[in-house]
Structure formats: C-alpha cells, structure tokens
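Have the structure open as you read.

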Amino acid sequence: MFHKISILGLTVSLGLPLMGSAARAAETPDVQTIVNQANRAAYYQGDDGKAAVKMIITDKQGNTREREFNILRKDVQDGGDQNYFVYFQRPADVRRMVYLVRKHAGVDKDDDRWLYMPALDLIKRIAAGDKRTSFVGSDFLYEDVSGRSLELDTHELVETTDQYYVVKNTPKKPELVEFAYYNVHIDRKTFMPMKMEYFDKSSGKLFRTIESQKVEEIEGFPTVTRSVVTDLRTGGKTEMQFNDVDYNIGIGDIFEERYLRRPPREAMR
C-alpha cells in the first residue's frame, strides 16, 4: 500500500499543539480518507516524476553493496493506474538492467512487471506470486517499488497521536503474503506515510520495517529523499537515497516492452 521507492523522515516534528481526546476525535478523518490521502502523498506527486537513486545494501556482518539507477513514474490516472521504469547504471553487473511496472490500482487485476537482464539478453515476466520477493538482492521487495494497492487490505485506524495517524492494514488474502498485518504511521500534516511495521503470521512479532529518514519539499511536494528498510530476521538493511528529483517533466510513452532492451534517452540520463 504505502511502500515508497518514491516510497518512504520519520522523525519530522510537526509542532502541533496538544489536544484533548474529544477534540482530536472531532478532527480525525475517517480511515478511508486517511489512506486515500496517504496513497496520493506517497505516490502521486505531480503527473509524473523522475529521480536518481543510490541503493546501499548492508548485511548483518556490515558488508555493503551499492546499486545506482534512475526511476521514472507516470500516472495514467490520479490515484489510479501508474507506470514505472527503472534503469540501472551501476555497478557493471547490473548496468542496463531494466525493471518495468504497469500498476493497476484495483483488486481484480494484478500489476504487470517485467525485468530485463542484459547479461542473458532475457526479458523475464515477474509473476504475481513473486512480487513480494527481493528486489535486485536488496531488502526492498518488488512490490515496494510501486506500492501495494489499497484494495488488497482492510484498514483500521488504531491510534491518533499528536504527530501521526496509525493505520492497521490486514490482507484480504493472507495466503498470498508473508505478513499477518502491517501498521503505517502517517504524518497528520502532510499525510506522508512515515513508518511501516510488518508483523509475522505465526509469532505476531515485528519482523520488518520501512522508515523514511529524510523528507524534503521539492517543487511544492513533500518528498522522501532517504528511505531505509530493515529485516529483523536476517539483520540486513537497505537504504535508498533519492537525488535530482523532478516532477511534471512530460515523460513520454516509454512504458512498453520494446523499450526494455533499448531504453529511451530520458531513462538513461
């Protein structure tokens, strides 16, 4: 739902005055309004957008690997379908690799995902069942890149603090995911999802978090510029740093399979 490779700081102080519970309840939107606004804040800034991303993967021993790529996003409909194009630049073993997503906002149709691996000159269709597997060896998942459809979960507002709305999200088809539920801390001022906590099916324990550690206003849009996912089971973590973020740049119709092998110039620059 709220995973942001546009996705997702968490320590932003809003400076809101303390309110009594009655006043807070009177001002609290219903949960569907909250999740709709959070979804737009996280994924739908402008009509399109582009960023240069540096990914740092750290294992439990402290060893690191890096990836650098450009990510482009274009909305088909505000709050609805979207397209994503990810072009890898570094290191050499992933250079020219491309990840393409056609995101479908409804519950009845799975997102379409393709991965082009230049070393094998192979285009691989990513099955719906694989969307919650590792994205290029990182602690982020394929589904984290473009986000999880709101329609896949039921939503419950479980807490309202001076800074956050805390929403519990429970999958409608639990057999398709590895978590029992996840909580999202949503900034009450900007509606930006700030922290996600995933809880294990069997033990009920927290096993995965995604945190936005830096948020900046870019072209009038609150934008996550540093996001970190931590896997508490493996001890690994992955940080993504978003640079050169730009919105409403007029991205063309590049979200086609034919551009996987020959990416357009706007994706490579």
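## Overall make-up

Five helices and 13 strands make up the chain's secondary structure (DSSP runs numbered from the N terminus, with helices being H or I of at least four residues and strands E of at least two). Of the 269 residues, 50% are buried (under 20% relative accessible area with a 1.4 Å probe, protein chains only).

This is a predicted model, where local features need pLDDT of at least 70 and side-chain atom pairs pLDDT 80 or more, while totals for chains, interfaces and linings use all residues. Residues are numbered from 1 along each chain as its sequence is written, and side-chain values use heavy atoms, leaving out hydrogens and water.

## A buried arginine

Look in the loop between α3 (142-146) and β7 (153-160) and you will find arginine 148. Arginine 148 has a relative accessible area of 4%, so it counts as buried. Its side chain makes a polar contact of 2.9 Å with the side chain of aspartate 153 (N or O atoms within 3.5 Å, one able to donate a hydrogen and the other to accept it; residues adjacent in sequence count only if both atoms are side-chain atoms).

## Aromatic pairs

The chain has 12 aromatic pairs (Phe, Tyr or six-membered Trp ring centres within 6.5 Å; planes under 30 degrees apart are stacked, over 60 edge-to-face, the rest tilted). Phenylalanine 135 and tyrosine 142 are edge-to-face because their planes stand at 80 degrees, with centres 5.7 Å apart. Both residues are buried.

Tyrosine 181 and phenylalanine 199 are stacked, at 4.7 Å centre to centre and 15 degrees between planes.
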